[in-house]
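This report goes through the side-chain interactions of one model. The sequence and structure come first, followed by the findings by topic.

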Amino acid sequence: MDNLILTPSATTPQIGAPGMLFGNIFVPTVKPVDYTSLLLHFDGNTDDDSPKQHTPTLYGTPTFADGKSNGQAINFTASGQYVSYGNSSDFDLANTPWTIELLVYPTTSSSWRGFVVKRDGGSSAAYQLGLNQSDNRPTFYIGGSASIGNTSIPVNTWTHLAYVSDGSTYTKLFINGVLDVTWNTIVSRTISNLLTIGSYSGSEQFYGRIDELRILKGIEKYTANFTPALPPVPKSGLLAHYPLTADAADISGNSRNAAVNGSPVFDTNGASGFSPSNYISLPNNLLQRTSAWTISMKIKVNSASKCTIYYAEGATANSGRNVAFLNQSTNNSGWFVAYQYGADSAKLTFNPGTEYHVLFSWDGSVFRCVVDQVQQFTANYKDYSGAGITEHVLGLSPILYNGQGYGAFDGSIHDVRFYNRELTADEQSTLNMN
């Protein structure tokens with residue numbers, strides 16, 4: 001190996017400096033800074049997964065429930081429940097840039113509630129992040145004064161919150177990635193009290209779930225609107241996944257490809273251009289012998305159309321699973337779901353040009369239809385011997401077209417997924433966002 005020749009210069013490596021030698025060239029390496037002071041995934045435990053590995057102490061008996069992603073979240077259901085991570089300089093945010101972000105799922109909208117707290121008395125807080133007592137607006141409490149956000153967040157719904165400060169002038173609140181307010185105040189006090197999650201040492205209890213919480217010290221992570229990182233879509237029980245952006249292939253890995261009839265159009269918006277000779281045939285056994293199931297799809301209606309999906313598995317015992325999404329009228333307020341032969345839902349309205357996430361599910365006894373995370377109806381529904389109809393089609397129902405005059409779907413369909421189980425509400429929400 002050539003010898004490294006040291007000559008006086010600004011780039012001369014210092015003794016002990018980290019780096020690698022490539023011939024006569026010394027390349028210094030710099031270990032990236034990790035600003036993470038606390039990282040809580042709450043996947044069935046309260047472990048700190050940051051490099052700091054702060055030790056948790058539980059008070060009361062908080063539990064765990066479904067999280068925003070495929071994992072779990074901590075669930076505070078009673079007064080006196082919280083988790084402490086001790087007192088550490090890692091949580092001293094006075095006069096330094098910082099970021100605290102988390103997912104919250106509040107189940108109440110009354111009384112002051114704290115979800116990230118560093119506080120030593122009624123009017124002496126280094127900082128307390130939480131919700132106000134009247135209309136669920138996020139709060140930033142320092143000293144003895146509370147700054148309140150502009151926007152209320154809903155109960156029983158996941159919301160991403162990010163508090164960001166430059167450490168000298170302001171603190172910003174982002175709700176689901178959108179700047180809500182800039183407060184001309186910062187953390188300026190250093191105190192020795194514990195950092196607690198879920199309440200202020202047992203009072204001002206937060207009721208609901210918290211997921212994916214992190215504290216970053218020394219960095220202002222967000223300075224403009226952003227898109228919060230989306231959790232991964234559920235894969236457990238996935239039978240087939242048809243993006244429909246280039247062809248009718250199943251990308252789940254299960255090789256349940258659909259068949260293309262004629263020449264429907266495939267592009268980034270999904271499949272479109274349906275007609276009596278242009279449609280997509282799905283495999284005929286996707287839902288057979290499943291004890292529960294979910295069908296998820298994204299649709300955009302251009303004009304009053306007739307049929308987006310007709311999936312019926314005939315009269316064979318334990319295979320009479322039927323879902324049809326239809327419109328027999330000439331306007332977009334005539335949509336309905338047929339969940340078994342002769343049983344239809346109330347009429348639904350879809351605005352032209354708007355994309356909707358439509359989801360059908362069955363838990364073994366109850367059928368549900370959800371549109372954009374809002375449940376439209378439920379019905380008791382069990383396997384039955386159907387009317388002998390067997391059809392598995394997107395974009396058209398040849399049977400209804402020939403027998404009752406239903407036309408083809410005028411719009412686009414994409415991201416169609418079949419599962420062999422009923423997805424949780426949080427998993428449905430994830431599919432809606434992705």
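How many salt bridges does a search of the whole structure find? The search finds 9 salt bridges, a salt bridge being a side-chain nitrogen of Lys or Arg within 4 Å of a carboxyl oxygen of Asp or Glu.

## Basis

The model is predicted: local features need pLDDT of at least 70, side-chain atom pairs count only at pLDDT 80 or more, and totals for chains, interfaces and linings use all residues. Residues are numbered from 1 along each chain as its sequence is written, and side-chain values use heavy atoms, with hydrogens and water left out.

## Salt bridges

E101 forms a salt bridge with K221, with the closest N and O atoms 2.7 Å apart. The two residues are 120 apart in the chain: E101 is in strand β8, and K221 is in the loop between β17 (208-217) and β18 (238-242). Strands here are DSSP runs of E, at least two residues long, numbered from the N terminus. E101 is buried, at 5% relative accessible area, whereas K221 is partly exposed, at 38%; buried means under 20%, exposed over 50% and partly exposed in between, with a 1.4 Å probe and protein chains only. Salt bridges with shared partners join E101, R214 and K221 into one network.

A salt bridge also forms between E204 and R119, with 3.3 Å between the closest N and O atoms. E204 lies in the loop between β16 (195-197) and β17, and R119 in strand β9 (residues 113-119), so the bridge ties together parts 85 residues apart in sequence. R119 is buried at 7%, and E204 is partly exposed at 26%. R119 also lies over the face of Y200, 4.1 Å from the ring centre; for such a placement, NZ of Lys or CZ of Arg must be within 6 Å of the ring centre and within 35 degrees of the ring normal. R209 lies over the face of Y105, at 4.0 Å from the ring centre.

## Surroundings of T99

T99 is in strand β8 (residues 98-106) and is buried, with a relative accessible area of 0%. Its side chain has a polar atom 3.1 Å from the backbone oxygen of I219 and reaches the backbone nitrogen of K221 at 2.9 Å. Leaving out residues up to four places away in sequence, T99 touches residues including Y163, R214, E220 and Y222, contact meaning heavy atoms within 4.5 Å.

## Aromatic pairs

The structure holds 14 aromatic pairs. Rings of Phe, Tyr and Trp (its six-membered ring) pair if their centres lie within 6.5 Å; planes under 30 degrees apart count as stacked, over 60 as edge-to-face and the rest as tilted. The rings of Y222 and F226 are stacked because their centres are 3.6 Å apart and their planes are at 5°. Both residues, Y222 and F226, are buried.

F360 and F367 are also stacked, with ring centres 6.4 Å apart and planes at 20°. Both F360 and F367 are buried. Ring pairs link W293, F360, W362, F367 and F377 into a cluster.

## Nonpolar cores

The largest nonpolar core has 42 residues, and those with the most contacts inside it are L244, I309, F360 and F418. A nonpolar core is a set of buried Ala, Val, Leu, Ile, Met, Phe, Trp, Tyr and Cys residues joined through side-chain atoms within 4.5 Å. Strand β23 (residues 293-301) provides the largest share of this core, 5 residues. Another core lies apart from it and has 37 residues, among them L38, Y127, F140 and L195.

Key. Helices (H or I, at least four residues) and strands (E, at least two) are DSSP runs, numbered from the N terminus. A polar contact is a pair of N or O atoms within 3.5 Å; within protein, one must be able to donate a hydrogen and the other to accept it, and residues adjacent in sequence count only if both atoms are side-chain atoms.
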